[in-house]
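Reader: I'm new to this one and would like to know what the labels rest on. Can we go through them together?

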Amino acid sequence: MLVEVVAHPSFPKPQSGEVPYLALLTQARDWMLEHPQVLQDALAALCQAHEPLPDDVQSAVTSMRAGRWVYLRDTAHYSILLPVTAHECAQAYAVKSLTTRLRDMTGCSGLVLQTALMEYAGGIVTDGLVGTVAYLGPGYRESYGEYLAKAKAQGQFYQTRLPAVTHAPSPGQASKPSRSPATKAPSVKAVKAVKTVKAAKAVKAVKKS
């Protein structure tokens, strides 16, 4: 389907040089979500080519939401993701992967990820197109852990479906989870921006540097 999006006349084609395949698919996914008509055109093109998406896959695609998420930690059955921006109505998600676990893709948890979530097979899954934005220092991890507890207490821990989209809170309401006064801001080494997911060994090497 994303290949059909790349072939769509409205998709901004690379001006020069080669774009890595996964990066191109990520761009196509984001373009598709920003332009719903492109999604409909891609689905129609697949039907015309006699390669329609199965109903459950099409439903998953239409539920997809891309953005930045806090990948807090793992349990035995799922990964825990949170919105980057915390506000009064706390939310958290139990997220599974289609084939490869998030930890295997990134090498660790405690990250801010750029990816898409969708409803599939009775749960919430990531589409597997993942970019690492930043590592979280211990102070932020502790604060997001408190935010997770708040989400669970409010009944806002979602395991089977994504919540309905609500209007973003005003700037005065929205903020990242606060840290205690004794907690220092993460150092540059603790929070290191990267553009793409690296192999597990490479990610661990960056964290140790």
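Reader: Why does Tyr 21 count as exposed?

Author: Quick background: this is a predicted model, where local features need pLDDT of at least 70 and side-chain atom pairs count only at pLDDT 80 or more, while totals for chains, interfaces and linings use all residues. Residues are numbered from 1 along each chain as its sequence is written, and side-chain values use heavy atoms, with hydrogens and water left out. As for the label, buried means under 20% relative accessible area, exposed over 50%, and partly exposed in between (1.4 Å probe, protein chains only). Tyr 21 has 53% relative accessibility, so it counts as exposed. You'll find Tyr 21 in helix 2; helices (H or I, at least four residues) and strands (E, at least two) are DSSP runs, numbered from the N terminus.

Reader: What makes Val 3, Tyr 21 and Leu 22 a patch?

Author: A patch is made of residues with over 30% relative accessible area and no salt bridge, with nonpolar side chains (Val, Leu, Ile, Met, Phe, Trp, Tyr) joined within 5 Å and like charges within 9 Å. Val 3, Tyr 21 and Leu 22 form a nonpolar one on the surface, with about 340 Å² of accessible area together. Such areas come from the Shrake-Rupley method with a 1.4 Å probe, and for residues only the protein chains shown count as cover.

Reader: Is Ser 79 buried or exposed, and how do you know?

Author: Its relative accessibility is 6%, so Ser 79 counts as buried. Ser 79 is found in strand 2, residues 79-83. Setting aside residues up to four places away in sequence, Ser 79 touches Tyr 71, Arg 73, Asp 74, Tyr 93, Ala 94, Val 95 and Leu 102; contact here means heavy atoms within 4.5 Å.

Reader: What makes the meeting of the Ser 79 and Asp 74 side chains a polar contact?

Author: The term needs a pair of N or O atoms within 3.5 Å; within protein, one must be able to donate a hydrogen and the other to accept it, and residues adjacent in sequence count only if both atoms are side-chain atoms. The two side chains make theirs at 2.6 Å.

Reader: Why is the pair Arg 103 and Asp 74 called a salt bridge?

Author: That label asks for a side-chain nitrogen of Lys or Arg within 4 Å of a carboxyl oxygen of Asp or Glu. Arg 103 and Asp 74 meet at 2.9 Å, N to O. Arg 103 lies in helix 5 (residues 102-106) and Asp 74 in strand 1 (residues 65-74), so the pair ties together parts 29 residues apart in sequence. Asp 74 has 24% relative accessibility, so it counts as partly exposed.

Reader: Which residues touch the most other members of the largest nonpolar core?

Author: Leu 2, Val 5, Phe 11, Ala 28 and Met 32 do, out of 22 residues. A nonpolar core is a set of buried Ala, Val, Leu, Ile, Met, Phe, Trp, Tyr and Cys residues joined through side-chain atoms within 4.5 Å.
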